[in-house]
Each structure stands twice: as structure tokens, then as C-alpha cells.
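Thanks for coming, everyone. Please look at the screen while I walk through this one.

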Amino acid sequence: MIKVFIVEDDPLMSRMYQKIFTFEKYEVEMASNGEEALLKIPGAQPTIILLDVMMPKMNGLQVLEKLKTDPVTKSIPVVMLTNLAGQQDAETALSKGAVKYIVKSEHEPKEVADMVQEIIAGYTRNDIPSVS
Amino acid sequence: MKISLQIKIVLFVIIGVIVGGSITFYIVDKGTSNALQKSISSNLAAATKQTSNKIDRFLYERLVDVEQVTGREQVQRYVNDPKVRTADFSAQLIRQLSDFKVLAGTWADITLVDTKENVVLTTDEPKLADKLVHQTEFQSPYTKALAGEVGYSDVILEGTSGVPIMLFMAPIRNVSNETQPIVGVLVGELAWPSTLEILKDIGGNTQAQIVNTQGKFLGDSGAEAADEGLILRKDYSNTEVFKRAQNKDQISAILPGTNDKKKQYLTATTKENGYLSYEGNNWYLIVQEPADVAFAPAKALAQEFVPLYVVALVLAIVCFLIINDFMVLRPLNRLRVAALLLAAGDFSQRIKIRAKDEIGELGQSFNNMAEGLQLSAQKLHEEHARLKASINSLDIGLLMTFREDNTISYNAILPRILGLELDGSDHETARLTLDQLGQKLLPSKVDLLAAIQNCQNQGKYFDLSEITYGTKILRIFGAPITTENHTIIGAVVLFEDITDAKILERSKDEFFSIASHELRTPLTSIKGNTSMILDYYKEVLKDDQLREMIDDVHTSAIRLIGIVNDFLDASRLEQGKMSFAYESTNIEEIIESVVYEMKAVLNEKHIYLKLDKLTLNELPPVWVDKNRLKQVVYNLVGNAAKFTEEGGITISAKLEPDHQFVKVLVIDTGRGMTPESQTLLFHKFQQASSSLLTRDTTRGTGLGLYISKMIVENMGGKVSLEESVEGKGSVFSFTLPLATHEQMTSAAPKAKTDTITVTSPSSKP
């Protein structure tokens, strides 16, 4: 079963994404901040990680950096979720190893789920996804 | 050398008067001289005539004398009959003749001669009498006397002493014997010096002289004549006077002549034959008068005239000076004084115009000039006051350097900005120096002095932004002050305290990032959850009303997100904070993708969306940010769709004639716009509706066109309304720059590096 790990500080968002991935029959694990995520992810070994950029304590880009330096987690695809429509943030995230950059307000939850599914499918085919 | 105008004019006047006076004098003198000469000539002529007459009269009297003697019976008897010539008779007769001689007073001697030239009786010594008879001059009058007439000889110079004498001869008749009427001749020896007594009657300084036919001097009116400077000669034969006399010029005057004493003289001569035309009366009378004496009265008159002339001259000069002083010098001086005061800055100076002459005109010109100056000065003062007030009321520190004397000037706020207020004293009195300023700025790593030097010497502007100065952030901007003839006279330096602005700028950035996150997160939740309800709980939502309500909530969330996005886009574009990822792009691809995405929506509205493929083919790539370009196309097509109820939208593109741009046209068959509405296009929040109340119907923030315009302009193009006809539709267009060769070959898209990007989330505290 595909396991999606959602790192999101805002419960409104985390609950919404938890629902859609549950509806879409994914296994979902969650963390409400970066530290918690870094603690849980190595043990959880998710298929894919959805990582919010703007979070207290440690932001998403810092978490991404840590994930990509840890051999245990570095091969797990990371999709950045944000509500900042800054193109440069997207580029920074992609340069640090994220596979996709999704602006939350621009997509319905179902579309996000579809994109994740596409990425997982593509990732197994060793395709390189492009920026949305 | 400075010579006063007054003196110059006086000199000119004096010279003029002297020259004019001299000419007048010359003319008067000449006329006077001529008149005098004529007058004197006639005087001399008269004197000569008179003298001649006197001489003639005298000679006539002497003739009468000798006739009287010859008429005596005793004389006749004595000559006629030698027998009666006794010693007694002879002595008696000699006594009688001597008495006569003394009585008449003019006779030297009387001699009786017979017809054979023998001396019969004489009062003279017999030898001398004999000698006299044999003189050459004796014959002519003797012959005349023998013929029965009275005659006289020329003047003879007798003896060694040369005493001039004259011989008078009268026939002695025989009273008793008719056959021999003339028996002898009486010879009267006239003593010439006594004769000359007549000449003295001419009187005064006039000198009369008698010369003979050879020009030899015979006698004159007096010895004192020589003292009068007259030319007295013993021989006149070669003189002009004598020649004129010979030519029988009755009267001649010679003027001027020079004698030994260099005096002028007048001369008149005459040869008088007159009514006593005795034969052999051959001598000339020369009358002379000294010129200075002759001219003396005229000269005296002239001398009387000279002081009058001088007085007139002085009066004329005085009058002139007074007139000159009042009419020229004083007005000129007033002008000079006024001009000096004017030069000293008193622009209220005006000249009172007293006359409408050249000086009056000069004064008027001066007044006009002064008025012009006063106006300009006043304007300058006002301008200066305005400028000073403006500068002092600025909240920007202003420093001016004056290159020439190396001084500075600054406004009140500058020391406050730099924290240089010394003891709270007035900035006017406590002067800052440039060095102090430079020192003060050194900790901020700003070499202000060097920057100012460079600005003054090279004319270069400098702009030092974000200088950290203590707790403040400053912007220092410098520019050279250049005159019209391109000389740099100093620099103006502005010190702006941008601390507050910087803080505000940062808070704005944070506001936007928070707004974008905090507004969009709940909206995303509403949108996502409603969307999931609609997707996954269809069977629960049996009630159509409920379903519609949830659908409306969903749509509202979408619209709200759009609005938030528009606001954020507009703000970032306004601040130049939107980043652009340029790449060489195929415009057809972009437009096709938009058309593909929008077609379904538009089909629902039953309007077509057509892509004019023909015009899009073969277009060169453009240099744009793909996503932004898409946003623009979405906007324009969406906008066209909003206003179109029937027909549809056509998109076409073409290469601009200059081969620098591609132009994309969005043509709709919508309702079009009135000209008034067209003017409101492309402005913030302006929809092309004439009233605020009608805005709702089109559903939007009105930022679409504004954002599109900003994006296209950022990419180097231009959005325009090509045309719009009410009821027929509108044509919007935008241009995009073609990618250059280098741009086409460069690999990956790059974000514009010169724009500041959205604050990263890491900056969030």
C-alpha cells in the first residue's frame, strides 16, 4: 500500500489532505512540524512525502535539505506544498531535490492526489517530473 | 588722461571763438586798411595839391617881385645907358636892390645882365655873379627873358656846398627907345632854403620833399622828418615813388614799405605843372606820412573794440557753461549717481525726466532698464525666498558646496539627520564644515569628500543608497551644479533618512507573505473541502438546494482566491517584485494551451474560441516568461469572454513590420465600449463601465487588464486596445519582443536576477 507522509502545521490543511488521500485509498501518516517529520519519516519509510514550506521552527526547505542528506530518506520523492506563489521558492525547492512544487490554492485536493499518483507512477518509471 | 567733458567743451568753444574772431578780425582789418589807405591817399593827394599850389603861388609872387624890380625907371636907365653908371648911381642902385632883397626876404642876390651876357650890376660878389652867368641852367631862362618873357631856371646846386638855388629872369625894357625894347635881363637868385619854409606848412608828421628831374634831392620841409622814420634820400632816381612821378601818376600811395627802422609809411608824390606852367619848372614834390601815425586812429578804435569782444566772449562762455551745467552735466551726473546706486543694488532708482531731448531719452532708457532690473531682482528675491522656504521645509538634508571658495551651505534638517546638533544652537550660527561631515560618515564606510570632489571635478552623479549611519539608514545622492556654459560651480548633495521607508518596505513584504499564506490557507480549505463533499458525498447530497449551496460556497472560494491572487500580483508588479523566468518561447504553443483549457468553459457559454492558425505559423520565438504570458492570454481571453454573449473570440498573431516584435490580437464580437469607457482601460480597479454600480455584472476585481499591461510591459511589450465599436466588439492586442540569437541558443530559463523576489519563508520569525 502506498504511504503518503504529510508534513503540515495547519490542521485545516493537514486534515483536508489526510481526507483526500484516505478517500483515494492511500495510507497516510502526518507530522505537524519539521522536527516531528524528521523524527517520524525514517521509521515510517513513506512512498512519498508532501512537505509544507511555511512552518514554524523549521521550514519546509530546511526539512527537505535534511531529508536529502540522510541516506535513509534521500531517495523518497518529496512534493513541496505551499501557498506562496513565488517562482524562485519553487526553483530552490527543486534544486534541493523536490520533485514537484504545488501551490495549494491553485489545485483541488483531488487534483493534488492525481498529481501524487502520477509522480509515483512516473517515479517508478524513472521519469523526471517537471514543475507545475 | 581723464579730461572733464566741461573742460573739453570750453576748450572747443575758446578755439572756435579765437578762430572765428581771427577771421572776422582779418576781414575787418583788411576792409579798414583798404578804406584807410584810400582815405590817406586822398589826404595826401590833397596835401600835395595844396603844397603845390602854395609853391606855385610863392613862385608867382617872386615873378611879380622881379617884374616889379625891372619895371623901375632907375634900373632901366642904368642898364640902358652905360654913361649913367656912376659909382654913386651904382652904389645907390645896389643899396636899393639890397633893401628889396631884405624886404622880400627870399632873395639871395640880384644881378643885372645886359643883352651880351655881361654882368652890369650885382649885389653879389662880381666874380660869383660872373660865374653864375656862365652856368648851363642860365641859358634857357635868359633866352626867354631876352624874348620878352619872364622865366626861371631849374633848381641849381650851387658851388661845392651844393646849396640849391633858382634863377628868375625878367626882361629889362627900354622905356624911351622903341627900336630896342629890351636892353638887359634881371637875374634874381632865389634862396632855396627859404623857399622850403612853405613846405613846413603841411604840418604834422607829413613830410614833403622836392627832387629834380634826375631824382636828386633838393630839399625838404624840415630836418626833424628823419626822426619820424621816413625814408629820406639824396637820390630818389631808383625808387618806386620817383618812377611813378615820372610816369605822371598824379598821386600814388605805396603801402607798405620798410625803412631802416622797419616802420610802415605811406608815400604820395606829385609832379605839379599846375596853372603856373613856367617853362623849365621841372621838379617833383614827394609827400610822405608815417603809416603808424596814419593808422593810429583806426588802431585806437580797434583797441577799444577788443575788450568788448573779450567781454562778449566771456559772457558767451559763461552762458554756455550755465546752460551746459543745467541741461547736460547735472542730468548726466544724476544719471551717474543713479547708476552707481543701481549697481550697488538699489533697484528703486528712477530719474526724473525734465526734458524731452537726447538726455531725457537716455534717462527714460535708464528708467526702463532700472524697472526691468527691479522686476527681475524682485522675481529673483521671490524665487530665492520660495526656494529657501522649500529647501528648509524639506525633510531631506540638503548640502550645497561652492567649488570656488570651498564653502558649504545646508538646510536646517541636515544636522538633525546626521545628529550633529551642537548644544541645540541655530544652524545658521554654528557652521558645520565639510571635513566634519566627512569624518562623521567615515564609520559608515562612505568617503563623502572623495565623492563630492569627483562630482565637482568630473561632473559625475553619485547615489549611495542604504548607508547604515548609526541606527539610521540613509540615502545620499549627489549631483554637480552646472551653469549654462557647462562650468561646474559646486555640488548639491541630498541626505535622505530612509529608515522609516525601509522598515515600511519590510513590513509590506511581510504583510504580503502573511496575506498570501493566511488568506489563502482557509480559502483553500473551504474550496478543497466543498470540492471533496461534492466529489465523495454525492449520494448524501440528495437535496438539490443543499448541493447548490455547497457548490456556491466552492465557487465563492475559487473567486476569492482569484481576487487575492490578483491583489498580490498587482502589488508585486507595482513594486517590481515579481520575478520573471525568461526563455525563448514558441508563442503558438502558449496560445494553444490556453485555448485548449478555455474552450470547454466557453462552449458552455455557446461562444466560439478560434485560433487563426495561418497567422501563427512560422512566427519566430519570443523572449518571455511562459507562465506570465499564459496569465496575460487568460486575462485577455477571459475578459473578451465576459463581454461577449453571441459570436465568439478569435486569436491571431503576426510579425510586426519592424521585425522586433510579435503582435497578438484578441478579437471579440462582444458589446464593445464607449469612447469614455475606453479611456478608463488599463487602470487599476477600472472596468470599462461607466458607473460603479454596473461593476458587479462582470464579476472581477478589474485588475486583470492592469496586471496584463504590467506583465507585458515588464517583458518589453505593450498592451493596447486596437479598436472597439459599441455593439460590434473590441480588438485588444499585445506585443512581445522576439528572442535574439543569443537568447535562443542559451540553455535553461533563468529568473531575472535584478529583481528582488518574494521574501522566503525562512525570514519568518
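Which two helices of chain B have axes that come within 9 Å and cross at roughly 145 degrees? They are α17(B), residues 626–642, and α19(B), residues 704–714. Their crossing is left-handed. On the α17(B) side, the contact uses Arg628(B), Gln631(B), Val632(B), Asn635(B), Leu636(B), Gly638(B) and Asn639(B). On the α19(B) side, look for Gly704(B), Leu705(B), Ile707(B), Ser708(B), Ile711(B) and Val712(B). Sort those residues by class and you get 6 nonpolar, 6 polar and 1 charged.

A word of caution before we go on. This is a predicted model.

Now the wider view of chain B. It has 765 residues, and 27% of them count as buried. Its elements are 20 helices and 22 strands. Take the contacts between residues at least 6 apart in sequence: 60% of them join residues at least 24 apart.

Next, the core. In soluble globular proteins, nonpolar side chains tend to be buried together. Here the largest nonpolar core has 43 residues. Which residues have the most contacts inside it? They are Leu112(B), Leu167(B), Phe168(B), Met169(B), Val185(B) and Leu186(B). Strand β4 of chain B, residues 163–173, gives this core its largest share, 7 residues.

One bridge to find on screen joins Ile172(B) to Gly184(B) in β5(B). Now click on Val185(B). What does Val185(B) contact, leaving aside its neighbours within four places in sequence? The list is Val113(B), Tyr142(B), Ala145(B), Leu146(B), Met169(B), Pro171(B) and Ile172(B).

Over to chain A. It has 132 residues, and buried residues make up 44% of them. There are 5 helices and 5 strands. From the N terminus on, they run β-α-β-α-β-α-β-α-β-α. Of the contacts in chain A with a separation of 6 or more, 60% are between residues 24 or more positions apart.

So how do those strands line up? Strands of a sheet pair through backbone hydrogen bonds, either parallel or antiparallel. In chain A the pairing is parallel, in an open sheet of 5 strands with the order β2-β1-β3-β4-β5. Which strands sit at the edges? They are β2 (27–31) and β5 (100–103) of chain A, each pairing on one side only. From one strand to the next, the twist averages 20 degrees.

Zoom in on one pair. Strands β1 (residues 3–7) and β3 (residues 48–52) of chain A pair in the parallel sense over 4 bridges. Phe5(A) stands opposite Ile49(A) in β3(A). Helix α3 of chain A, residues 60–69, packs on this sheet. It touches β1, β3 and β4 (78–82) of chain A, and its direction makes about 150 degrees with that of β3(A). Helix α1 of chain A, residues 11–23, lies across β1, β2 and β3 of chain A. It runs at about 165 degrees to β2(A).

Back to chain B for a hairpin. Strands β10 (residues 397–402) and β11 (residues 407–410) of chain B pair in the antiparallel sense over 4 bridges. In β11(B), Tyr410(B) is the bridge partner of Leu399(B). The hairpin has 4 residues between its strands, and Asn406(B) takes a positive phi near 60 degrees.

Ile210(B) is in strand β6 of chain B, residues 207–212. Why does Ile210(B) count as buried? Because it has 22 C-beta neighbours inside 10 Å, and the cut-off for buried is 20 or more. Asp220(B) is 10 residues away along the chain, with 6.2 Å between its C-alpha atom and that of Ile210(B).

Then Val328(B), which lies in helix α8 of chain B, residues 291–343. Val328(B) has 16 other C-beta atoms within 10 Å, so it is partly exposed. Val328(B) and Gly360(B) are 32 residues apart in sequence, and 9.9 Å apart in space, C-alpha to C-alpha.

Note on methods: Residues are numbered from 1 along each chain as its sequence is written. Chains are lettered from A and ligands numbered from 1 in the order in which they are written. This is a predicted model: local features need pLDDT of at least 70, side-chain atom pairs count only at pLDDT 80 or more; totals for chains, interfaces and linings use all residues. A nonpolar core is a set of buried Ala, Val, Leu, Ile, Met, Phe, Trp, Tyr and Cys residues joined through C-beta atoms within 7 Å. A residue is buried if 20 or more other C-beta atoms lie within 10 Å of its own, exposed if 12 or fewer, and partly exposed in between; C-beta atoms are placed from the backbone. Two residues are in contact if their C-beta atoms, placed from the backbone, lie within 7 Å. Axes are lines fitted to C-alpha atoms, for helices over the stretch in contact, and angles run from 0 to 180 degrees between N-to-C directions. A crossing is left-handed if the near helix is turned anticlockwise from the far one by less than a right angle, and right-handed if clockwise. Ala, Val, Leu, Ile, Met, Phe, Trp, Tyr, Cys and Pro count as nonpolar, Asp, Glu, Lys and Arg as charged, and the others, Gly among them, as polar. Two strands pair if DSSP finds at least two bridges between them.
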